[in-house]
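Please read them beside the coordinates.

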Amino acid sequence: MATPTAAAASAAQLLKSQPLIFVTGSANKLREVQSILGTKIHLASHALDLPEYQGTSASVSAAKAKLAASTLNRPVITEDTCLCFNALNGLPGPYIKWFLEGVGHEGLNKMLAGFEDKSGYALCTFAYCAGPDAEPILFEGRTEGRIVPARGPANFGWDPIFEPSGFTQTYAEMDKSVKNTISHRYRALAKLQAYLAEHGLHQGQQ
Ligand SMILES: O=c1nc[nH]c2c1ncn2[C@H]1C[C@H](O)[C@@H](COP(=O)(O)OP(=O)(O)OP(=O)(O)O)O1
Ligand SMILES: [Mg+2]
């Protein structure tokens with residue numbers, strides 16, 4: 001029989017190599033997360049139609065992670081993505097999904113018609129929840145930019161109307177390999193990845 005220390009060591013080893021499950025209903029998010037993380041994290045995915053909670057990005061992401069961890073009984077990550085207009089004090093924020101569905105790219109631009117300030121930012125909050133009884137840990141990434149009339153392929157959400165600062169292209173126009181090194185999602189994942197590496201969790205091939 002394994003000694004307690006050996007048992008603890010093998011439990012730690014299990015956690016180290018156990019897959020981390022990214023729970024999302026969005027194939028586009030999953031594709032980006034897989035390409036940003038590569039093989040550094042031992043990642044698996046599970047498609048769940050997560051509720052659209054209200055609140056701050058942090059509270060929304062944490063609520064998704066708690067639900068996903070208790071539904072699957074596994075370590076999970078979830079994320080919430082916001083698009084925030086400075087002229088509107090951060091709105092639509094976590095409600096961007098409904099605004100986009102309701103009024104589209106043109107309507108989102110029109111919402112800023114009465115304001116000089118077209119600046120905004122994309123915000124992504126990942127939540128890591130180690131299991132059903134664990135408290136989610138949050139990692140935020142933010143990319144500044146401005147809201148512009150749609151340019152580029154409309155494959156992913158509001159990508160055509162967001163032009164990140166320092167670039168002349170929208171997220172939709174730029175190569176994925178560029179978006180994935182400057183995006184809100186990339187910045188949040190860099191923090192998550194550092195945390196997992198520091199704690200030796202879910203490590204893939206470095
Ligand atoms: O990088 C992005 N570039 C452009 N658009 C994006 C991006 N990331 C999310 N989006 C869109 C999808 C949805 O309209 C809203 C976020 O809503 P949000 O609830 O976080 O995502 P979701 O419901 O699609 O998937 P999930 O199951 O993970 O909640 O912004
Ligand atoms: Mg959602």
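1. The UniProt annotation "binding site", taken from an unreviewed entry, covers Glu52 and Asp80; positions are given in the numbering used here, feature names are shortened, and such annotations may be inferred rather than shown by experiment. Although spread over 29 residues of sequence, the two cluster in space, with a largest C-alpha distance of 9.4 Å.

2. This is a predicted model, in which local features need pLDDT of at least 70 and side-chain atom pairs count only at pLDDT 80 or more, while totals for chains, interfaces and linings use all residues. Residues are numbered from 1 along each chain as its sequence is written, and chains are lettered from A and ligands numbered from 1 in the order in which they are written.

3. Not counting residues up to four places away in sequence, Asp80 touches Ser57, Val60, Ser61, Lys64, Pro94 and Thr125, contact being taken as C-beta atoms, placed from the backbone, within 7 Å.

4. Around ligand 1 there are 18 residues, of which Thr24, Gly25, Thr81, Lys97 and Gly157 come nearest; a residue is near if its C-beta atom, placed from the backbone, lies within 6 Å. The shell divides into six nonpolar, five polar and seven charged residues, where Ala, Val, Leu, Ile, Met, Phe, Trp, Tyr, Cys and Pro count as nonpolar, Asp, Glu, Lys and Arg as charged, and the others, Gly among them, as polar. β3 (76-85) and α4 (96-110) each supply at least two residues of this shell.

5. The largest nonpolar core has 38 residues, and those touching the most other members include Val76 and Phe126; such a core is a set of buried Ala, Val, Leu, Ile, Met, Phe, Trp, Tyr and Cys residues joined through C-beta atoms within 7 Å. Its largest share, seven residues, comes from β5.

6. The secondary structure comes to six helices and seven strands, which are DSSP runs numbered from the N terminus (helices H or I, at least four residues; strands E, at least two). The C-alpha trace spans about 70 × 30 × 25 Å along its principal axes.

Methods. Buried ≥ 20, exposed ≤ 12 C-beta atoms within 10 Å, placed from the backbone. Contact = placed C-beta atoms within 7 Å.
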